[in-house]
Amino acid sequence: MMIVLVAVVLSVAVGSAAIPPSQVLAALTGAGDPVIRLIVVELRVPRALLGLLVGAVLGLAGAALQGYLRNPLAEPSVLGVSNGAALGAVIALYFGLAGASVVALPLLAIAGALAGLGALFALAGRSESPLTVILAGIAISTLAGAAISLALNLSPNPFAAMEITTWLLGSLEDRSFAHVLTALPAVAIGAALLAWDGRALDALTLGEDGAAALGVNLRRTRARLLLGVGIGVGGAVAVSGAIGFVGLIVPHLVRPLTDRSPSTLLWPSALAGAALLLLADVMVRVIPTGSELRLGVVTAFLGVPVFLVHLMRERRLW
């Protein structure tokens, strides 16, 4: 929790404009210079809140999926939800709907995530096997990725292609309270559904038959978990763009600090995901570059080495 608080403070205090801490505090209390108050309250505070929401739901979704699928490599993109949401957003950008309405891009991103989820249910059918869900998710993710590539290839002008590419790299830059209000309901509903079945995830460590013998309704558990991933991650991707590796890395970092049961991993992963994304967002602001780095690029560079090192240390435990 302390790391999250420190990350929030840094997210509000650090930026391209150097503002003394005393003036930041004054701006938060409604006093001080109007320009500084505008920068802090209208730009940095929404950015910090979105970092909390997006990072938390990505970390929580990764922990829940790794527990349900019993696969240390599981994350939201495995189910095709992230690519489905990205495809919905690309459609909004490709046809110019994002410019016509502020809510078009977030709504289509959430719709894309739910459409991917519906396709997942259709492909997986009544099967309760995690392997079937994974294979169906890979198929949906691949199809959505191909559709995104097609949109880039057929983009009517280079500016549209550049806009799509920039969005796909992920960022919290230039976000407002409108984006926070857009993401908050979806993230809250998704997080509630993901946290619902902590005991069922513990029971699934015994396998499907063992969980069923303990009274776990596998179909309802899967439906709640997949809906939670679809709604929560769809809402996050809608406002931040495609940000990878958070849901994959965070549970591995948190797991040694818990008793390794899936239920005890859920909320610590949410907190760690929020802290990781906020700190990564601070990094993109302080690294000296001609233009601000994209958040998805930074999380990828941070995530891959951390995951490989942790995998080498912990592989004997899987």
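Arg224 comes out as partly exposed, at 23% relative accessibility (partly exposed sits between buried, under 20% relative accessible area, and exposed, over 50%, with a 1.4 Å probe and protein chains only). This is a predicted model, where local features need pLDDT of at least 70, side-chain atom pairs count only at pLDDT 80 or more, and totals for chains, interfaces and linings use all residues. Residues are numbered from 1 along each chain as its sequence is written, and side-chain values use heavy atoms, with hydrogens and water left out. Searching the whole structure turns up four salt bridges (a side-chain nitrogen of Lys or Arg within 4 Å of a carboxyl oxygen of Asp or Glu).

**The Asp197 pair**

- Arg224 has a salt bridge to Asp197, with the closest N and O atoms 2.8 Å apart.
- That pair links distant parts of the chain, 27 residues apart: Asp197 is in the loop between helix H9 (177-196) and helix H10 (198-203), and Arg224 is in helix H12 (residues 218-240). Helices here are DSSP runs of H or I, at least four residues, numbered from the N terminus.
- Asp197 is buried, at 7% relative accessible area.

**Around Asp281**

- Arg47 and Asp281 form a salt bridge, their closest N and O atoms being 2.8 Å apart.
- Arg47 belongs to helix H3 (residues 34-69) and Asp281 to helix H14 (residues 262-286), so this pair ties together parts 234 residues apart in sequence.
- Arg285 also meets Asp281 in a salt bridge, at 3.0 Å from N to O.
- Both Arg285 and Asp281 lie in helix H14, four residues apart, or about one turn of the helix.
- Arg285 and Asp281 are both buried, and Arg47 is buried too.
- Shared partners join Arg47, Asp281 and Arg285 into one salt-bridge network.

Terms used
Helix = DSSP H or I, 4+ residues; strand = E, 2+ residues; numbered from the N terminus.
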